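Colleague: I would like to learn how to read side-chain contacts and disulfides in a model. Can we go through one together?

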Amino acid sequence: YWCACFEGFSGPDCGQGPLCQSTSLCKNGATCRQAGAAVVICMCPEGFTGAKCEVPLLDDGCEEEDGCTTQCPEDATGEPCACSPNSIPLTKDRARYEGTVRLNNVSAVRTCLESATCTLKPMLTKQIAKYLKSSNLSVTEDLRVIDVGFSGEVRFHFWGGKRDGSRVRESLNRLVQRGRLGNVSLVPTHLAITQEHTLHLQSVRVNHPRPVVRQGDEFILSCSAQGSSHMMFRWFKDGSFI
């Protein structure tokens with residue numbers, strides 16, 4: 001098959017349109033594709049992202065320092081892991097912590113979970129919050145028990161001080177080693193803890209050749225963000241999910 005292009009368009013897929021004639025539209029060697037009368041898509045090369053491929057991806061070999069997650073510099077003269085004006089700061093004082101412990105009495109857990117009146121989750125939330133409050137942490141917010149499994153495994157998360165990572169681990173280690181959470185018995189050898197960045201919305205862009213988007217126009221919305229592996233993107237218009 002072949003594509004019969006409209007006037008002004010060329011290429012094997014007719015993706016080379018008049019809007020792609022601007023050399024400044026797509027950055028860092030990206031390939032420009034015009035889709036429709038007014039929509040341009042920049043196909044980013046490896047190592048870049050963003051609506052115009054203007055955002056360098058994080059260098060996984062870099063260490064985090066002073067609340068700054070470093071990015072590869074825009075030119076070849078900079079140090080790849082140097083915190084520079086091109087680096088993107090995350091929320092300095094917050095981190096997401098996720099912990100997993102296991103309850104000892106599995107049969108009682110199953111009986112409770114099979115009951116319509118089981119109050120295990122709110123009880124565990126209250127007890128974990130009480131314990132963390134007494135653990136000399138700088139701050140704990142939005143504690144939630146994510147899941148209680150039939151095996152007795154309990155997953156929970158909360159937001160706390162970024163520099164409290166070692167304190168959080170020591171505190172939860174002490175909790176598991178003593179084998180009790182309030183009136184609930186814990187397996188003393190089962191503990192997993194992870195610490196992740198909080199969400200940082202880097203940019204939201206409207207890809208449109210004109211400064212004003214009119215009714216009926218086609219355009220592309222794109223966003224760049226950094227955060228935990230659990231983050232999800234959902235788009236809303238006037239409060240309604242798209």
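Colleague: Is E153 buried or partly exposed?

Modeller: This is a predicted model, so every value here is computed from its atoms. E153 is partly exposed, with a relative accessible area of 27%. The cut-off for buried is under 20%, and exposed means over 50%, so 27% falls in between.

Colleague: Which side chain meets E153 in a salt bridge?

Modeller: The general idea comes before the case. Side chains of opposite charge can pair when their charged atoms come close. Here the side chain of R102 meets that of E153, at 3.3 Å from N to O. R102 counts as partly exposed, at 27% relative accessibility.

Colleague: How many salt bridges does a search of the whole structure find?

Modeller: Three. One of them is the pair of R102 and E153. Another joins the side chains of R96 and E98, at 2.8 Å from N to O. E98 also forms a salt bridge with R155, where the closest N and O atoms are 3.0 Å apart. E98 lies in β7 and R155 in β9, so that pair ties together parts 57 residues apart in sequence.

Colleague: Which residues do salt bridges with shared partners join into one network?

Modeller: R96, E98 and R155. E98 has a salt bridge to R96 and another to R155.

Colleague: What are the relative accessible areas of R96 and E98?

Modeller: R96 has 7%, so R96 is buried. E98 has 11% and is buried too. R155 counts as partly exposed, at 27% relative accessibility.

Colleague: Now the rings. How many aromatic pairs does a search of the whole structure find?

Modeller: Two. Read the distance between centres, then the angle between planes.

Colleague: Where do Y97 and F158 lie?

Modeller: Y97 is in strand β7, residues 94–103, and F158 is in strand β9, residues 153–161. The two are 61 residues apart, so the pair links distant parts of the chain. Both Y97 and F158 are buried.

Colleague: What sits over the ring of F241?

Modeller: The charged end of R234. The distance from the ring centre is 4.5 Å.

Colleague: Let us turn to the cysteines. How many disulfides does the count come to?

Modeller: A disulfide is a covalent bond between the sulfur atoms of two cysteines. In this model the count comes to three. One joins C20 to C32, with an S to S distance of 2.0 Å. The link of C20 and C32 is left-handed, with -75 degrees about the S-S bond. C20 lies in the segment before β1 and C32 in strand β1, so the pair ties together parts twelve residues apart in sequence. C20 is buried at 13% relative accessible area, and C32 is buried at 11%.

Colleague: What does C26 join to?

Modeller: C26 joins to C42 in a disulfide, also with S to S at 2.0 Å. The link of C26 and C42 is left-handed, at -80 degrees about the S-S bond. C26 is in the segment before β1 and C42 is in strand β2, so the pair ties together parts 16 residues apart in sequence. C26 and C42 are both buried.

Colleague: Is the disulfide of C112 and C118 left-handed or right-handed?

Modeller: The torsion about the S-S bond is about 95 degrees, so the disulfide of C112 and C118 is right-handed. The sulfur atoms of C112 and C118 are 2.0 Å apart. C118 counts as partly exposed, at 25% relative accessibility.

Colleague: Back to β2. Which residues make up the covered face and the uncovered one?

Modeller: In strand β2, residues 40–43, V40 and C42 are on the covered face. I41 and M43 are on the uncovered one.

Colleague: In what sense do β1 and β2 pair?

Modeller: Antiparallel, over four bridges, with β1 spanning residues 31–34. T31 has M43 in β2 as its bridge partner.

How values were computed. Residues are numbered from 1 along each chain as its sequence is written. This is a predicted model: local features need pLDDT of at least 70, side-chain atom pairs count only at pLDDT 80 or more; totals for chains, interfaces and linings use all residues. Side-chain values use heavy atoms; hydrogens and water are left out. Rings of Phe, Tyr and Trp (its six-membered ring) pair if their centres lie within 6.5 Å; planes under 30 degrees apart count as stacked, over 60 as edge-to-face and the rest as tilted. Buried means under 20% relative accessible area, exposed over 50%, partly exposed in between (1.4 Å probe, protein chains only). A charge sits over a ring if NZ of Lys or CZ of Arg is within 6 Å of the ring centre and within 35 degrees of the ring normal. Two strands pair if DSSP finds at least two bridges between them. A salt bridge is a side-chain nitrogen of Lys or Arg within 4 Å of a carboxyl oxygen of Asp or Glu. A disulfide is a pair of cysteine sulfur atoms within 2.5 Å.
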